[in-house]
Amino acid sequence: MKRSLKRPFLAFVVIMPLDQRPLTPPTGAATTPQSPSIQSTPHSQGSSSHYSYQSQNHQSDYKPYLKEDLKHQYTVTFNEFLADILHLAPDWIGKNRPRISDIVHTQQLGKMVSKYREPVIHETSRYPPFIILANHVLDQLDSNTDSNICICRNDPVLVGGSRAERKPDVAGVRYQSLEVLERSSVDNLMKDGPVGACFWWTELLLFFEFKLVYKQLIVGLVRDAVTRNRSSSTSYCVF
């Protein structure tokens, strides 16, 4: 009969001096993690590792993280976007070239583009003309509302389903996402976004973030004023 051998149990007890023992923080002590330096670890220097902090930050605070993200950007061609992002057939452009040409050269589209390019003083003024323009093109390309994409305003509502607390300006969703009563339609979301029934990340197919560079706007307006003073011709700003 074989006897089993048992290893002796060893216990280690570490006794720390009183001045080195960890103490329970006093009641009311701040326990919220502070925003670490951009050079610190274990966070990466990109924005994805800094999803939420309690402190209020400004553009100057997160610009270094955005610059780090942009170091890894990759530009795709239009054909790559259609194939890899929208998953369209390789010959989609060829088959739809006449339809695309008809859309691009219409007076209606020209007016929509001109409306979108009008000077504005706040980026939110860009949302409606862009949404109208994008949905017009999508409607002309595909009349199947069961699978079609619609472009809607999301700002200033936080997207649900994540602790990231993000609110992209404009989002692309399926038409079925508008069947919720509080959303109703693209027009209903045009002013305040999906208030009372936020979009969830699982609903978003794509999203857009708008940025208005005031420096360019001011320079353009000054240039126009100088041009008008020097001649009777009218110049336009393109943003």
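This briefing walks through one protein chain, from its overall layout to single residues.

This is a predicted model, in which local features need pLDDT of at least 70, side-chain atom pairs count only at pLDDT 80 or more, and totals for chains, interfaces and linings use all residues. Residues are numbered from 1 along each chain as its sequence is written, and side-chain values use heavy atoms, with hydrogens and water left out.

**Overall layout**

- The protein chain has six helices and three strands. Helices here are DSSP runs of H or I with at least four residues, strands are runs of E with at least two, and both are numbered from the N terminus.
- From the N terminus on, the order is α-α-α-α-α-β-β-β-α.
- Of the 239 residues, 24% are buried. Buried means under 20% relative accessible area, exposed means over 50%, and partly exposed is in between (1.4 Å probe, protein chains only).
- Take the contacts between residues at least 6 apart in sequence: 54% of them join residues at least 24 apart. A contact means heavy atoms within 4.5 Å.

**Confidence**

- The chain averages a pLDDT of 74, and 63% of the residues score at least 70. pLDDT is the predictor's confidence in each residue, from 0 to 100.
- Confidence is highest in β2, at 94, and lowest in helix α6 (residues 214-230), at a mean of 50.
- Residues 1-18 have a pLDDT below 50, and this stretch has three contacts in the model beyond near neighbours in sequence.
- Residues 228-239 stay under 50 as well. For residues 228-239, the model has 16 contacts beyond four places in sequence.

**Helix α5**

- α5 has 15 residues and reaches 21 Å from its first C-alpha to its last. That is close to the 21 Å expected at 1.5 Å a residue, where the expected span is 1.5 Å times one less than the number of residues.
- The buried residues of α5 include Y127, F130, L133 and N135. The buried residues of α5 pack against α4 (107-116), β1, β2 (170-174) and β3.
- F130 counts as buried because its relative accessibility is 17%. Leaving out residues up to four places away in sequence, F130 touches Y116, I151, V170, F208 and F210.
- F130 and M112 are 18 residues apart in sequence, yet 8.3 Å apart in space, C-alpha to C-alpha.
- N135 also lies in α5. N135 counts as buried because its relative accessibility is 9%. Beyond four places in sequence, N135 touches I149, C150, I151 and V186.

**The second largest pocket**

- This pocket holds about 1,200 Å³ of space.
- It is lined by 30 residues, with F81, L82, L86, L138 and L141 nearest its centre.
- α2 (78-85), α3 (92-104), α5 (127-141), β1 (149-153) and β3 (206-208) each give two or more residues to the lining. The largest share, seven residues, comes from α3.

**Backbone details in the loops**

- Most residues other than glycine have a negative phi, and most peptide bonds are trans.
- The peptide bond from D155 to P156 is cis, with omega near 10 degrees. P156 is in the loop between β1 and β2.
- E165, in the loop between β1 and β2, has a positive phi near 55 degrees.
- S184, in the loop between β2 and β3, has a positive phi of about 75 degrees, although it is not a glycine. S184 is partly exposed, with a relative accessible area of 46%.

Definitions and conventions
On a 1 Å grid over the protein atoms alone, a cavity is a set of points where a 1.4 Å probe fits but cannot get out, and a pocket is an open set with protein on both sides within 12 Å along at least five of seven lines; lining residues have an atom within 4 Å of a point. Grid points are joined across faces, edges and corners, and a volume is the space filled by probe spheres set on the points.
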